[in-house]
Amino acid sequence: MKIKTSFSELIGIDYPIIGAPMFLVSYERYVIALAEAGALGTFPLPNYRTIEELQKALQIIRKATSKPVGVNIHLSGRFPWKEQLAVCLDAGVSFFISSLGNPALILPDVHANGGIVFADVIKLEQGLKARDRGVDGLIAVGAGAGGHCGSISTLVFTPYLAQKTGLPVIAAGGIATGEQMAAALAVGACGVVVGTRLIATDEAEVSMGYKEAVVAAGPEDIITTAAITGNPATWLASSIADFQEQPTLGSKKWRDLWSAGQSVAQTDAVYPIREVVQEMVTSYQRATLKLSESIVEG
Ligand SMILES: Cc1cc2nc3c(=O)[nH]c(=O)nc-3n(C[C@H](O)[C@H](O)[C@H](O)COP(=O)(O)O)c2cc1C
C-alpha cells in the first residue's frame with residue numbers, strides 16, 4: 001500500500017512523509033531508517049563540519065539504501081555550498097531544501113541531475129520571492145514547528161501559500177500523526193515534514209535526556225523566542241532556562257539547548273523510526289476512512 005501525492009510520485013517514495021533535516025539530530029542512521037521505511041530521510045549539511053565528513057556520511061547512506069534522500073542546504077555564504085552541492089549530487093541526493101540565500105544558485109545543477117529544490121518559508125513574501133527564483137516548490141513552515149518556526153497556523157498557511165503562488169506546497173509544523181497528515185493533505189499539501197516526533201526515536205543522534213524530555217513535555221512547555229539564534233524558534237523551556245549567550249558555530253553547548261515544537265503533544269514514547277512511519281500510515285488510513293464514513297445520505 002502506498003499513499004500517493006504529486007510529491008511522492010515525483011520523488012519516488014511510498015509515503016509523502018519527509019523526516020525533517022534537524023541540526024545535531026538527523027544523521028546517517030536517521031536518514032537510512034526513513035528511506036527504508038518508505039519515507040524521505042533528510043539531514044542538514046551543517047551537521048558535518050568538513051566536506052570529507054559529509055562525503056563519508058553519504059557513502060554510509062548509499063551503502064545502506066538506494067532510495068531517495070534529501071538535504072537542507074544553507075546558501076547564505078556561511079558554508080561551502082558549492083563543494084557540498086557537488087558531493088551531494090555525486091551521491092545521488094535528489095531533494096534539496098534551501099534555507100537562507102538564493103536557491104537559484106543551485107537550481108541548474110540540481111535540475112541537470114534530475115533533482116528538485118523546495119524552499120523553506122514562513123511568510124508569503126518569501127514564497128513569492130522563491131517562486132520568482134524558480135524553485136520547484138515550497139515548504140510552509142507554520143507556527144509551533146520545531147526549530148525555526150513561522151507564526152501562521154500550518155493549516156492556514158499551507159493552502160494560502162499554494163493558492164497565492166501556484167506551487168506545490170509541503171506542510172511543516174505540528175504534524176506527528178496520520179490524522180494530522182490527513183488534515184494537511186486535505187488542505188492541499190503534497191507532503192508533510194515531520195521533525196519533533198522523530199527526535200524521540202532510536203535513530204535520532206541525541207541524548208536520552210533530550211528524547212525523554214520531548215516525550216514528557218506538553219505543548220505548554222514549548223516556548224518560541226528569537227533570543228537564542230536571532231530568529232524565532234521553538235525550545236523546550238526547561239532547556240533554555242539558564243541561557244546566557246549564543247554558543248559559537250560547532251560548539252558542543254548547542255547540544256544542551258533542546259529545540260522541539262508543539263507536536264511534543266503527540267509524542268508519547270521513544271520508538272524506532274520504522275514504527276513511527278508505520279503508525280502514521282495506519283492512522284492516516286483510519287482517519288481518511290472515518291472521514292469518508294461521515295458522509296451519509298439525508
Ligand atoms: C531540533 C531541530 C533542529 C532543526 N534543524 C533544522 C535545520 O538544521 N534545518 C532545517 O531546514 N530545519 C530544521 N528544523 C526544522 C525542521 O526541518 C522542520 O521544519 C520542523 O521540525 C517541522 O515541525 P515539527 O517539529 O512540528 O514536526 C529543525 C527542527 C528541530 C526540532
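Predicted model: local features only at pLDDT ≥ 70, side-chain atom pairs only at ≥ 80, totals over all residues.
Leu 24 is partly exposed, with 18 other C-beta atoms within 10 Å. In it, Leu 24 sits in the loop between β1 (17-19) and α2 (28-36). Its phi is positive, about 65°, although Leu 24 is not a glycine.

Leu 100 also has a positive phi, about 60°, and is not a glycine. Most residues other than glycine have a negative phi. Leu 100 lies in strand β4. It has 16 C-beta neighbours inside 10 Å, so it counts as partly exposed.

## Ser 99

Ser 99 is placed in strand β4. It has 19 C-beta neighbours inside 10 Å and therefore counts as partly exposed. Here too the cut-off for a buried residue is 20.

Leaving aside neighbours within four places in sequence, Ser 99 is in contact with Asn 72, His 74 and Asp 120. Ser 26 is 73 residues away from Ser 99 along the chain. The C-alpha atoms of Ser 99 and Ser 26 are separated by 16 Å.

## Helix α10

Helix α10 covers residues 208-216. Its residues Tyr 210, Ala 213 and Val 214 are buried. Seen down the axis of α10, the buried residues fall within an arc of 100°, so they line one face of the helix.

That buried side packs against α9 (196-199) and β11 (233-236). The face turned away from it carries Met 208 and Gly 209, which are exposed.

## The nonpolar core

The largest nonpolar core has 91 residues. Leu 138, Ile 139, Ala 140, Ile 170 and Val 192 touch the most other members. In soluble globular proteins, nonpolar side chains tend to be buried together.

Ala 140 shows the packing in detail. Beyond its neighbours within four places in sequence, Ala 140 is in contact with Val 121, Thr 154, Phe 157, Thr 158, Leu 161, Val 169, Ala 171 and Ala 172.

Methods. Residues numbered from 1 in each chain as written. Buried ≥ 20, exposed ≤ 12 C-beta atoms within 10 Å, placed from the backbone. Helix = DSSP H or I, 4+ residues; strand = E, 2+ residues; numbered from the N terminus. Arc of directions from axis to C-beta. Contact = placed C-beta atoms within 7 Å. Core = buried A, V, L, I, M, F, W, Y, C linked by C-beta atoms within 7 Å.
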